[in-house]
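Let's work through some exercises together, one region at a time. Keep the viewer open and try each task before you read its solution.

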Amino acid sequence: MVKSYLRYEQGAAFGVIVSGNSNIAYDSSGKHIFAPGLEKVGVWNVRQGICIKTLTPCAADGYSPPVTSIAVSPSSSSSLIATGYGDGSIRIWDSQNKICETTFYGHTGAVSVLRYNKIGDRLVSGGQDKDIILWDVERGEGIYRLRGHGNQVTDLVFLDRCKKLVSSSKDKFLKVWDLETPHCMQTISDHHSEIWSIDIDPEERYLVSGSADLELRFYTIKHDLEACQSTSNANANGTEIPSPHNKWQVLKLFGEYQRKSKNRVATVRFNKSGNLLACQEAGKAVHIFNVLDEAESTRKANRRIRRIKKKKSAQGEAEVMKDDGAGEEGKRHVVMVSDVFQLFQTIRPGKKICSISFCPNPPKTSLATIALSLSDNLCVFYSLESEATKQTRAIDLHGHRSSVTSVALSSDSTVLMSTSHSAAKIWNPTNGYCLGTIDTGFGMCAFILPSCNNKFALVGTKGGTMEIIDVGSATVTEVVEAHGGSVQSIARIPNENGFVTGSSDGYVKFWEYGVKEDSKRLLVSNVRMKEMDTDVRVVSISPDAKYLLVALDTIVKVFYMDSLKLFVTLYGHKLPVLCLDVSSDGELIVTGSQDKNVKIWGLDFGDCHKSMFDHQSSVQQVQFVPNTHYFVSVGDDKQVNYWDADKFELLLTMKGHHEGVCCLAISNRGDFFVTGSHDRSIRRWDRTDEPFFLEEEREKRELEKMYESDFKDEYENNFALKEKIPAEGAVAFAGKKTKETISLTDSIVAKLEIAWEESKRRANYEAEKVSGKLVAEFQPNPFMLGLSPPDYFLHELLKVKTSDLESMLLGLPFSDALKILSFCKDVGLRPDEVEFITRVVTLLQQINCNQLISTPAVKPILTGLKEVLYPNLKAKKDIIGYNLAAMTHIKQLHDSRSNAPLPDAISKRGVGAGWYGKTEEGKCKKVRTCEPTPGMHRHSWLLQPCSKK
């Protein structure tokens, strides 16, 4: 009989407040902030400092890539947030309901930047694959892909007034793209190093760019309307018409600001009102600039010119500067960067800054509020005031400032303790809530004493001390000088009130403990010790308390507990042993080493049963599941492996951590275990009731490796850009092939074959019937749901998500594309789906353009599609035009009867509340309360005068 096992799956992840892979962002209200927490996005209440929601993607294999970019919709009525991930995917979330509404697959590398336009209906993304993709958020589909940069795209910004897009890249270029006729219309090469960030002020007057240069560069933005006005004025005055080069020059260098720091610029951002500019360096400083308006900057420039003239005249110079401040033309030449942008304040939080975000609605008592995410898993908030800048609050209690070095569970598995470089934290492992924080030394190991009702815990530190912690009050009650070197390991002596410690000073010490009744304090005392030849890395004791196991460099020595005489020595590892454990029945020993090897030994003779290699880096921790011969190993390769020590087989490989895993603790019942990592996260893995079989799991892993290898090769051969990109850029499809879209393509092809075979059967039946043959009654395919073949295929095609449609059609062979075009001709008369059918036909024509041109047999199908789709599209266009005209008339009618704008009136009174106007006395009266008569078109009713009194 084939043996089955129970699967472990990730149940919870906690301990990360903000990760440094992505930016932070306020919501539109300014009350909440979105902070990346590795693969999740936490919604934090700024005032209370608690995480109220978590946006977690669902992954089939349990592993999700980290969040690399966040963008919040600028619309105040929208709760949408866009998140980009390390695998190139983009998810659109409804932050109120924690629902992922749309998933976009377009980039082949990590998404480096996301930006919404002002309306919030368009989203643009840039990635490490050098591509820029424009997405339609409302329809959930990609519009097109822009190619032109030679390196990673670092930032993007919309110029909404002139329908342009500006992009920056590590290739040192700024590019301006025309979104109506997608092409690159301007390339700026002023920078001498990688450009990291750009931004524009809300009025779209200036664009600022930051790079590794010592200068901040500012550009003025020329909009289409301004260009037309300047051209017409030039013609009227008889001057020369601007050259084509100046006509397409959207950005013009305004000036440079010399920075004092040598660190590169990481982020530049304007606040919502545009009067402040923040320049974040890749270090520990944020410089805040005050942005003056046009009148103030002109006055300052004139004062500067007068001071220069006065100084020159005082020196007796013959040449006196002309008054450049007179006239509008003079003002433009007089104003410099220093006249518009003034250094206001500098924020230095003391730790490296990862990202910044301005609050859209700051309190009235301050100029602005800015949030900073720091590299030590901390989010701080500063209030910018006219005289000084002060820190108002911080979110810091829910995570460690550095890597998690050890974790320990209580005997009843209800309390979890973790240590780091400067603190220990007490957690509830069920919900991940932090119960307390204790300031300690550099924690190397931790242990919760079981015989004291889990009230006390021990922390071994790098300084050689052992700190006794009261778990209930989360305080350090005593610090014991235990060793001359760092305390590497603590092991409990079974059935006794004692424990053993091992240290880098080469000593193994035995301790006894007890609780003093009058003070209720824990007392520990050293009863004996044993000196070793080298540093002690790990100590462990067999369950029957008969043997002491000590890891010394590349060997493990087993001693008798009573006499401390050597029993056996385990040789085999080539590099130092980092971890070991003994099974509950005392039969097996498992060890892990820096040589990436996991070895299983017999405790009776010390023989090596098996060496297993699956980790790609050092094995940091191993531990047996209680009362079994299954064990878990973790390592610096981010993997968590589940093994069967009897069959010497790898059962599961669990992925979830984003950096090396360094510690592990398993509950006493084995129903869950906890891991800690250098990414500062603590993850709980729960045992489920889902059984799995070893052979199936092995085949699944092999198929995944084979599929990923083949998929990468196929992409490189078929979809990688092989030609040199022209100067004006290149446009391509927005979507790409993924595992999901390939599976979806296979499903659609299967449904297409069913519909095609059914249509052939029906055609044969009709032909035989016309020829006069005696044929049996036609029996339709039951899988067709009683629909005709074209209707059945359209029914199945409509199930495809809008965001996946383009990627799915990219994977279709040409023969299947012809079948779909044939079915689209048959269902094109349906007016309710004409828009969807037209999009499918258009995409298929673009994808298979060359093959369609070279295939004469396709001409009747395309001609039929033209005859069917054009009239329906024209009818839809007429309806939309009629509705727009009617709504324009309604707005004009409302504006003539009321002083309130129509959008404000609708938002206050509701759409169905009727129309309101004002009488001569200024009182509101209801203009329309009647209902449309039966058979009357609704738009006709809206345009007719009301007859009801």
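The exercises below go from strands to single residues, then to cores and aromatic rings.

This is a predicted model, in which local features need pLDDT of at least 70 and side-chain atom pairs count only at pLDDT 80 or more, while totals for chains, interfaces and linings use all residues. Residues are numbered from 1 along each chain as its sequence is written, and side-chain values use heavy atoms, with hydrogens and water left out.

**Exercise 1. Find the order of the strands in the open sheet of 4 strands, and name its edges.**

Solution. Two strands pair if DSSP finds at least two bridges between them.
- Step 1: the order is β2-β3-β4-β5, and the pairing is antiparallel.
- Step 2: β2 (25-26) and β5 (50-55) are the edge strands, each pairing on one side only.
- Step 3: β4 (residues 40-45) is joined to β5 by 5 bridges.

As background, strands of a sheet pair through backbone hydrogen bonds, either parallel or antiparallel.

**Exercise 2. Trace β35, β36 and β37 and describe the turns.**

Solution. 
- Step 1: β35 (residues 456-461) runs antiparallel to β36, with 5 bridges between them. V459 has E467 of β36 as its bridge partner.
- Step 2: β36 and β37 form a hairpin with 4 residues between them, where A474 in the turn has a positive phi of about 55°.
- Step 3: check how covered β36 (residues 465-470) is: 5 of its 6 residues are buried. Buried means under 20% relative accessible area, exposed means over 50%, and partly exposed lies in between (1.4 Å probe, protein chains only).

**Exercise 3. Is S383 buried or exposed, and what does S383 touch?**

Solution. 
- Step 1: locate S383 in strand β28 (residues 378-384).
- Step 2: S383 counts as buried because its relative accessibility is 6%.
- Step 3: list its contacts (heavy atoms within 4.5 Å). Leaving out residues up to four places away in sequence, S383 touches S366, A368, A388, T389, K390 and T392.
- Step 4: the side chains of S383 and S366 are joined by a polar contact of 3.5 Å. A polar contact is a pair of N or O atoms within 3.5 Å; within protein, one must be able to donate a hydrogen and the other to accept it, and residues adjacent in sequence count only if both atoms are side-chain atoms.

**Exercise 4. Work out what surrounds N668.**

Solution. 
- Step 1: N668 sits in the loop between β54 (661-666) and β55 (672-677).
- Step 2: with a relative accessible area of 39%, N668 is partly exposed.
- Step 3: N668 and D412 are 256 residues apart in sequence, yet 7.0 Å apart in space, C-alpha to C-alpha.
- Step 4: a polar atom of the N668 side chain lies 2.5 Å from the backbone oxygen of S411. The side chains of N668 and S413 also make a polar contact (3.1 Å).

**Exercise 5. Which residues have the most contacts inside the largest nonpolar core?**

Solution. A nonpolar core is a set of buried Ala, Val, Leu, Ile, Met, Phe, Trp, Tyr and Cys residues joined through side-chain atoms within 4.5 Å.
- Step 1: the largest core has 33 residues, and those with the most contacts inside it are F793, L805, M808, L809, I820, V840 and L844.
- Step 2: elements giving two or more residues to this core include α7 (739-770) and α13 (859-897).
- Step 3: aside from neighbours within four places in sequence, V840 is in contact with L797, L805, L809, I820 and C824.

**Exercise 6. How are the rings of F14 and W427 arranged?**

Solution. 
- Step 1: rings of Phe, Tyr and Trp (its six-membered ring) pair if their centres lie within 6.5 Å; planes under 30 degrees apart count as stacked, over 60 as edge-to-face and the rest as tilted. The whole structure has 23 aromatic pairs.
- Step 2: F14 and W427 form a tilted pair, 5.2 Å centre to centre with 45° between the planes.
- Step 3: F14 is in β1 (residues 4-14) and W427 in β32 (residues 423-428), 413 residues apart.
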